[in-house]
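Welcome! Please take a moment to look over the sequence and the 3D view, and then read on for a short tour.

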Amino acid sequence: MRRIGARALVLLAGLLAVLAVAGPASAHVGGGAAGSDFDGRIVSVTPELPGVTVRILQFGDEFELVNDTATEVLVPGYSDEPYLRIGPDGVWRNANSPATYLNLDRFGNASPPPQADADAEPDWVQVSTEPRYVWHDHRTHWMTENLLPPVVQADPTRAHTVSEWTVPLRHGETEAEVAGVLTWEPPPSPALVWPVYAALVLLAVAAGLLARTPRPLGVLMLVGGAAALWHALATPEPPASLGSHTGAIVAALLPAGTAVLAAVLGFRASWRGRGAMAGLLAVVLGWLFLVQGLPDVDVLWTANVLSNGPQEVARASVAVLVSFGVGLVVGGIAAVRRFRETGTPRADVDTTSLVPVG
């Protein structure tokens, strides 16, 4: 019994060490919101610009341009003044363009300095040595904080097109235009989804607090591990402007990989009748699920989800992570207190050897 307890403590310490490293990682690469009722998307680039990639990030909040050609792309500001130059030698931003300051803030609350004038001679300042840049282009998103668009206020029960927008570009001597659309969709009904979330929490608590064996707890750990793995694999590609793609992806996948390992070990322990070990692993796994799920908790009450897979599956995976995270911590503590192991369990141990003690 002492040997089993020592092994459990060593395993617990190791997993907690990994958890401490994984803690700061966001479940979705690049940070920002994981859910929104708004959604921005690009409809067309006219004419096509081979080697130039544009992308909408954060449901329309950010505009990304990557120029892998030898020709510079000029992005004008809101008064058609020179704003950005993106080319082989990096990104240059016009310090005299009002857009330089307005685009620093999501809602355009920054005040341009007196010298910022659309008619002034450009003052180019290099802001990156890479041919890629992300900025808040206010043409692509809704600008009024805490106030819905009038069309949505008139009927918030159905989806709406909020605006159709364009962002002009000049690639060398070629004038181009990026056209897109901003939409809004009603969020899930709280009366329908919140009882489901509560039921998932209670299910995980009951598995540790009421079940006669630890096997139900083990099954839920496997289900949660599968949700953690799917959620990680469906993580969207990070912005091209992010400093280290590899580092960001590893940081996002680390909690999921650790959770899968803990889930397999917990399931094995529960199936072999090691209730105390299964309970300890359930507690650790619950924390790992919360580390992975809480950064994306906003998807539980928003219409759109950042995911490379089906949005409903993405929302369900976060619901499992957060609900089971809470439930397994409570249920795992209960299982550790309730079960004691008699003798050295074998692979074919009879679960009747498990004796509830609390």
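A polar atom of the Thr302 side chain lies 3.4 Å from the backbone nitrogen of Ser36.

Where does Thr302 sit in the chain? Thr302 is found in the loop between α7 (275-293) and β12 (304-305). Thr302 is buried, at a relative accessible area of 8%, where buried means under 20% relative accessible area, exposed over 50%, and partly exposed in between (1.4 Å probe, protein chains only). Leaving aside neighbours within four places in sequence, Thr302 is in contact (heavy atoms within 4.5 Å) with Gly35, Ser36, Asp37, Pro187, Pro188 and Arg315.

## About the model

This is a predicted model, in which local features need pLDDT of at least 70 and side-chain atom pairs count only at pLDDT 80 or more, while totals for chains, interfaces and linings use all residues. Residues are numbered from 1 along each chain as its sequence is written, and side-chain values use heavy atoms, with hydrogens and water left out.

## The whole chain

The secondary structure comes to eight helices and 14 strands; these are DSSP runs numbered from the N terminus (helices: H or I, at least four residues; strands: E, at least two). Of the chain's 358 residues, 47% count as buried. Among contacts with a separation of 6 or more, 71% are between residues 24 or more positions apart.

## A helix with a bend

Helix α8 covers residues 311-338, and its 28 residues should span 40 Å at 1.5 Å a residue; the expected span is 1.5 Å times one less than the number of residues. The end C-alpha atoms of α8 are 39 Å apart, which agrees. Helix α8 bends by about 25° at Phe324, the bend being the angle between axes fitted to the seven residues ending there and the seven starting there.

## The second largest pocket

Which residues lie nearest the centre of the second largest pocket? They are Ser36, Phe38, Asp61, Arg106 and Phe107, out of 19 lining residues. Strands β1 (35-36) and β11 (174-184) each supply at least two residues of this lining. A pocket here is an open set of points, on a 1 Å grid over the protein atoms alone, where a 1.4 Å probe fits, with protein on both sides within 12 Å along at least five of seven lines; lining residues have an atom within 4 Å of a point.

## A buried strand residue

Val75 lies in strand β5 (residues 73-76). Is Val75 buried or exposed? Val75 is buried, with a relative accessible area of 0%. Not counting residues up to four places away in sequence, Val75 touches several residues, including Leu65, Tyr83, Trp135 and Pro168. Val75 and Arg85 are 10 residues apart in sequence and 6.4 Å apart in space, C-alpha to C-alpha.

## Backbone details in two loops

Thr46 and Pro47 are joined by a cis peptide bond, with omega about -10°. Pro47 belongs to the loop between β2 (38-46) and β3 (52-57).

Gln58 is in the loop between β3 and β4 (62-67), and has a positive phi near 55° although it is a residue other than glycine. Gln58 counts as buried at 16% relative accessibility. Phe59, also placed in the loop between β3 and β4, has a positive phi of about 60° and is not a glycine. Phe59 is buried, with a relative accessible area of 7%.

Key
Polar contact = N/O pair within 3.5 Å; in protein donor to acceptor, adjacent residues only side chain to side chain.
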